[in-house]
Amino acid sequence: MKTPLVAAVFRAPRRPLELEALDLDPPGPGEVAVRMVASGVCHSDLHVVDGEWERLTDLVLGHDGAAVVEELGPNLAERPADAPLDAGGLRVGDLVVLSWIAPCGACRACRRGEAWLCARPIGGDHRVEPPAVRLRRPDGSPIGVYCGIGTFGERQVVAAGAAIPVDPATPPEIAALIGCAVTTGVGAATKTAAVRPGESVVVIGLGGVGLSVVMGAALAGADPIIAVDRVPEKLAVARLAGATHGLQAGGGPRPGVRAGRGVRAAAEGALSPEEIRATVRDLTGGGADHAFEAIGLTATVEQAVELVRLGGTVTLVGMTPQGQRAGIDVYDFVEQGKVLRGSTYGSAVPALDFPRIARLYLEDRLPLDLLVGERIGLEGIDSALAAMRRGEGLRRVVVY
Ligand SMILES: NC(=O)c1ccc[n+]([C@@H]2O[C@H](COP(=O)([O-])OP(=O)(O)OC[C@H]3O[C@@H](n4cnc5c(N)ncnc54)[C@H](O)[C@@H]3O)[C@@H](O)[C@H]2O)c1
Ligand SMILES: [Zn+2]
Ligand SMILES: [Zn+2]
């Protein structure tokens, strides 16, 4: 039996998403049908819409989502009613955070325990190859599902391994953001870079991801935590999230993007890259132990390398348009013994880290409410993406 739903479909770069009525097949073996409850709008959706990352068209975007399990595929046994959430398996009615990597469990990375580097994640082809297609237009033609979860749709069929149960007391918006921004940012600080108590941290870019890096650094006991963004509102939120200092950057808007009101205001009284460097040196006694880039601009990637001390670690979280290269002064970099590393999905093992992060939130140890801005419907995604292009506002979340 087919289930009808509405979803926001990416048809071509630099065009608005289209709301379409689609049909969903029942779950196959190893799959579950879910009803979406919330989805964040992440810059990794915007990169696709803006044509900066080449992806399939006729694709339901969204990858930062939470859902409720409605039906288990034919070969899946329900988790017993009295078993704890982390006993493995799913039950109809579970609140699940959707993972944009459903680890295959068999590749070398999975066998090393590095699920975030899985070479063959289930649904990683966006479910467009015939055996994996579950979503179709009324004429039967297949629709792809971003990262195998396509959270900008009212319902989806996903791999059971992509649906991670969390405490049902977790609010839908928070559960959704754990699916990408929070896990990516908190994990970059606590897992990838493994920041230690008393280490100094600078975070460049304070969107949903960068603010989560700040929270992760605070959780790890970092001090000072210097937050950098060109939008003053973000600096104020970063202070609430645990940053000890906020520096307003004067960097202009992304090429081709008209400055919004917030951006122009930010340019007044903002610090130049040289002033930021001098201030970070002053505050850290010569350079930060850790710098995180959470925007995805080559200029701020290069800046991050300049902001760490000798032997300091630069962790890149932001992702540029595909094919861009950043430059480092190799002589200085080597002589100064610096470390440069990439962080994908916060080095997370979703099945362990999602429920743990939800618990930290419920125990008031991670102030994730600070991330949530406007709640919108599916029809509001295009204006949410436009506001994100301008750097305005906090994380917008689609609430179903
Ligand atoms: N590594 C991963 O696994 C992973 C996961 C999710 C997202 N990402 C990437 O992380 C990046 C950030 O995502 P997001 O959703 O938080 O984005 P976002 O658009 O919400 O936030 C970007 C922030 O950077 C600020 N900014 C922009 N240009 C600036 C400049 N020149 N100087 C200072 N601040 C500037 C903006 O004001 C904004 O606050 C994106 O590139 C996204 O694709 C990576
Ligand atoms: Zn794998
Ligand atoms: Zn994301």
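From which domains does the shell around ligand 1 draw at least three residues each? In this predicted model, the shell takes at least three residues from each of domain 1 (3-180 + 347-399) and domain 2 (194-342). Around ligand 1 there are 30 residues, of which His43, Asp229, Lys234, Ser343 and Tyr345 come nearest. Sorted by class, the shell comprises 15 nonpolar, 11 polar and four charged residues. Helices H1 and H5 (208-219) each supply at least two of the shell residues, and H1, with three residues, gives the most.

Several polar contacts to ligand 1 were identified. The side chain of serine 44 places an N or O atom 2.9 Å from an oxygen atom of ligand 1. A polar backbone atom of glycine 207 is 3.5 Å from an oxygen atom of the ligand. At serine 343, a backbone N or O atom lies 2.8 Å from a nitrogen atom of ligand 1. Taken alone, the ligand exposes 880 Å², and the protein buries 96% of that area.

The zinc ion (ligand 3) is coordinated by Cys42 through SG, His63 through NE2 and Cys180 through SG, at 2.0 to 2.3 Å. Along the chain, these donors follow the spacing C-x20-H-x116-C. Cysteine 42 lies in the loop between strand E3 (31-40) and helix H1 (43-49), and cysteine 180 in the loop between helix H3 (172-178) and helix H4 (181-192), so the two cysteines tie together parts that are 138 residues apart in sequence. Both positions are enclosed by protein: cysteine 42 counts as buried because its relative accessibility is 3%, and cysteine 180 counts as buried at 4%.

Tyrosine 345 is among the residues that come nearest to ligand 1; its phi is near 50°, a positive value in a residue other than glycine. Serine 347, also not a glycine, has a positive phi of about 50°. Tyrosine 345 is buried, with a relative accessible area of 1%, and serine 347 counts as buried at 7% relative accessibility.

A cis peptide bond runs from aspartate 223 to proline 224, with omega near -5°. Proline 224 is found in the loop between H5 and strand E12 (225-229). Helix H5 also supplies at least two residues of the shell around ligand 1.

Terms used: Residues are numbered from 1 along each chain as its sequence is written. Chains are lettered from A and ligands numbered from 1 in the order in which they are written. This is a predicted model: local features need pLDDT of at least 70, side-chain atom pairs count only at pLDDT 80 or more; totals for chains, interfaces and linings use all residues. Side-chain values use heavy atoms; hydrogens and water are left out. Donors are N, O and S atoms within 2.8 Å of the metal (3.2 Å for Na, K and Ca); water is not among the atoms, so sites may look incomplete. Helices (H or I, at least four residues) and strands (E, at least two) are DSSP runs, numbered from the N terminus. Buried means under 20% relative accessible area, exposed over 50%, partly exposed in between (1.4 Å probe, protein chains only). A residue is near a molecule or strand if one of its heavy atoms lies within 4 Å of it. A polar contact is a pair of N or O atoms within 3.5 Å; within protein, one must be able to donate a hydrogen and the other to accept it, and residues adjacent in sequence count only if both atoms are side-chain atoms. Accessible areas come from the Shrake-Rupley method with a 1.4 Å probe; for residues, only the protein chains shown count as cover. Ala, Val, Leu, Ile, Met, Phe, Trp, Tyr, Cys and Pro count as nonpolar, Asp, Glu, Lys and Arg as charged, and the others, Gly among them, as polar. Domain bounds come from an automatic or database domain assignment.
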